[in-house]
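Visitor: I'm new to this one. Could you show it to me and take a few questions?

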2 protein chains.
Amino acid sequence: MNQEICQVNLIHEECVAAAQQQMPQLATIEQLATVYKLLGEPSRLKIMLSLRTCEMCVCDLAAMLDSTPSAISHQLKLLRISGLVQSRKKGKMVYYSLAKNSVQQMLLEGLNYAVEKKA
Amino acid sequence: MNQEICQVNLIHEECVAAAQQQMPQLATIEQLATVYKLLGEPSRLKIMLSLRTCEMCVCDLAAMLDSTPSAISHQLKLLRISGLVQSRKKGKMVYYSLAKNSVQQMLLEGLNYAVEKKA
DNA sequence: TCCATATATGAATAGGTATTCAAGCGTTAA
DNA sequence: TTAACGCTTGAATACCTATTCATATATGGA
């Protein structure tokens with residue numbers, strides 16, 4: 001059986017056309033998927049949720065998540081590269097905080113969803 | 001070098017304590033991480049973005065994403081299990097649509113973030 | 001009944017990734 | 001300079017997962 005193509009080429013052409021029309025740009029979708037993927041890892045999500053309260057150094061986060069500085073540092077690097085967190089160096093320590101964009105709003109909306117869903 | 005524990009046990013105790021206090025329940029965090037992970041896969045994210053427009057059958061989605069019904073069906077199963085989409089059977093076809101909860105709001109907020117960030 | 005179609009599913013494979021371990025860098029204080 | 005500390009980094013391993021392929025189920029029509 002050929003699964004590559006449906007026999008009826010497009011079953012609901014108007015719908016598909018309309019959906020394609022209002023589809024965001026590919027770059028936007030990929031950007032969004034990247035952020036979601038980063039937040040989809042429990043350790044990283046916990047880091048982000050922790051940083052809502054105040055800026056923290058790597059050791060603080062390692063204590064929060066019961067993890068190692070190395071593991072946390074690896075995760076922070078990914079978050080930093082994608083612009084979800086920013087860092088500030090002070091002596092031997094590096095303080096991390098949430099980036100000053102709408103990530104926080106996104107997180108709040110996500111939490112709202114998760115809490116609503118539990119009920 | 002011992003990386004397990006920081007020498008200074010908690011460098012910013014007040015901050016860590018405050019963050020722990022306002023940390024959501026573990027179940028909520030895991031729920032949220034699951035949703036983010038599902039949305040973090042470009043194919044699945046495209047499915048969700050497509051379904052904002054109108055309900056679609058598997059073939060429609062396969063056409064939208066230039067994929068196979070089998071691959072789409074596998075993804076839809078994951079989205080269905082986690083309650084992000086719902087399905088309705090009509091004859092040989094199965095129509096999928098976004099679940100009637102705040103996922104749509106979440107997606108909008110995400111898009112808002114991604115678009116803002118590009119600029 | 002028999003066949004074609006739309007979808008679902010299980011197993012296998014290939015690709016991706018989180019953590020660990022070991023080592024390195026940069027800063028501070030002696 | 002030396003040592004200690006906080007952090008970073010690269011490689012390796014072990015785990016996870018998306019897609020493919022083959023097959024199965026279910027519905028509708030001849």
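Visitor: In which sense do strand β2 and strand β3 of chain A pair?

Guide: First, a word on the ground rules: this is a predicted model, where local features need pLDDT of at least 70, side-chain atom pairs count only at pLDDT 80 or more, and totals for chains, interfaces and linings use all residues. Residues are numbered from 1 along each chain as its sequence is written, chains are lettered from A and ligands numbered from 1 in the order in which they are written, and side-chain values use heavy atoms, leaving out hydrogens and water. Strands (E, at least two residues) and helices (H or I, at least four) are DSSP runs numbered from the N terminus, and two strands pair if DSSP finds at least two bridges between them. Here β2(A), residues 85-90, and β3(A), residues 93-98, share six bridges, and the sense is antiparallel.

Visitor: Which residue in the turn of that hairpin has a positive phi?

Guide: β2(A) and β3(A) form the hairpin with two residues between them. The one with a positive phi, about 65°, is G91(A).

Visitor: How far apart are the end C-alpha atoms of α6(B)?

Guide: The expected span of a helix is 1.5 Å times one less than its number of residues. With 16 residues (103-118), α6(B) should therefore span 22 Å. The model agrees, with the ends at 23 Å.

Visitor: And what do the buried residues of α6(B) pack against in chain A?

Guide: Buried means under 20% relative accessible area, exposed over 50%, and partly exposed in between (1.4 Å probe, protein chains only). Among the buried ones in α6(B) are M106(B), L107(B) and Y113(B). They pack against α2, α3 and β3 of chain B, and, in chain A, against α2 and α6.

Visitor: How much area is buried between the two chains?

Guide: Contact means heavy atoms within 4.5 Å, and 65 residues of chain B touch 65 residues of chain A that way. Buried area is the accessible area (1.4 Å probe) that two parts lose on being put together, summed over both. Carbon and sulfur atoms give 70% of a total of about 5800 Å².

Visitor: Is D66(A) buried or exposed?

Guide: D66(A) sits in the loop between α4 and α5 of chain A. It has a positive phi of about 55° although it is not a glycine. Its relative accessibility is 72%, so D66(A) counts as exposed.
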